[in-house]
Amino acid sequence: MPHGVAQLMEALVAERRPDRPVPPMGGTVAIGAIVHLPATAIEEDRDLSSMSGILAGTTYRLLPA
């Protein structure tokens, strides 16, 4: 399933911004960040309620949108 979600993310970005090619594995990198950030926060005993903004910002920076 993660591979399908990554492909969907890449396709949506490519459709929205045809002038900016999606980097190879861009969707996979974004999914990895989305999984890694909360896992790191849990390991560091941080509050997850603040993670939504960080996750959204990271995803926008990883994929050219």
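This report covers the confidence, the loops and the salt bridges of one predicted model.

Residues are numbered from 1 along each chain as its sequence is written, and side-chain values use heavy atoms, with hydrogens and water left out. Because the model is predicted, local features need pLDDT of at least 70 and side-chain atom pairs count only at pLDDT 80 or more, while totals for chains, interfaces and linings use all residues.

**Confidence**

The predictor's confidence in each residue is given as pLDDT, from 0 to 100. For the chain the mean pLDDT is 78, and 80% of its residues reach 70 or more. Helices are DSSP runs (H or I, at least four residues), numbered from the N terminus. Within the chain, helix 2 (residues 26-43) has the highest confidence, at a mean of 83, and helix 3 (residues 51-62) the lowest, at 69. Where pLDDT is low, the predicted coordinates should not be read in detail.

**Loop residues**

The loop between helix 1 (2-16) and helix 2 contains M25. Its phi is near 60°, a positive value in a residue other than glycine. D19 also has its place in the loop between helix 1 and helix 2. In the loop between helix 2 and helix 3 lies D45, and the phi of D45 is near 55°, again positive in a residue other than glycine.

**Salt bridges**

A salt bridge is a side-chain nitrogen of Lys or Arg within 4 Å of a carboxyl oxygen of Asp or Glu. Side chains of opposite charge can pair when their charged atoms come close. A search of the whole structure finds two salt bridges, listed here.

| Salt bridge | Closest N to O distance |
|---|---|
| R46 and E44 | 2.9 Å |

How exposed are the residues in the pair of D19 and R17? D19 counts as exposed, at 52% relative accessibility, whereas R17 is partly exposed, with a relative accessible area of 25%. The side chains of D19 and R17 also make a polar contact, at 2.9 Å. A polar contact is a pair of N or O atoms within 3.5 Å; within protein, one must be able to donate a hydrogen and the other to accept it, and residues adjacent in sequence count only if both atoms are side-chain atoms.

In the other pair, R46 is partly exposed, with a relative accessible area of 42%.

Technical notes
Buried means under 20% relative accessible area, exposed over 50%, partly exposed in between (1.4 Å probe, protein chains only). Helices (H or I, at least four residues) and strands (E, at least two) are DSSP runs, numbered from the N terminus.
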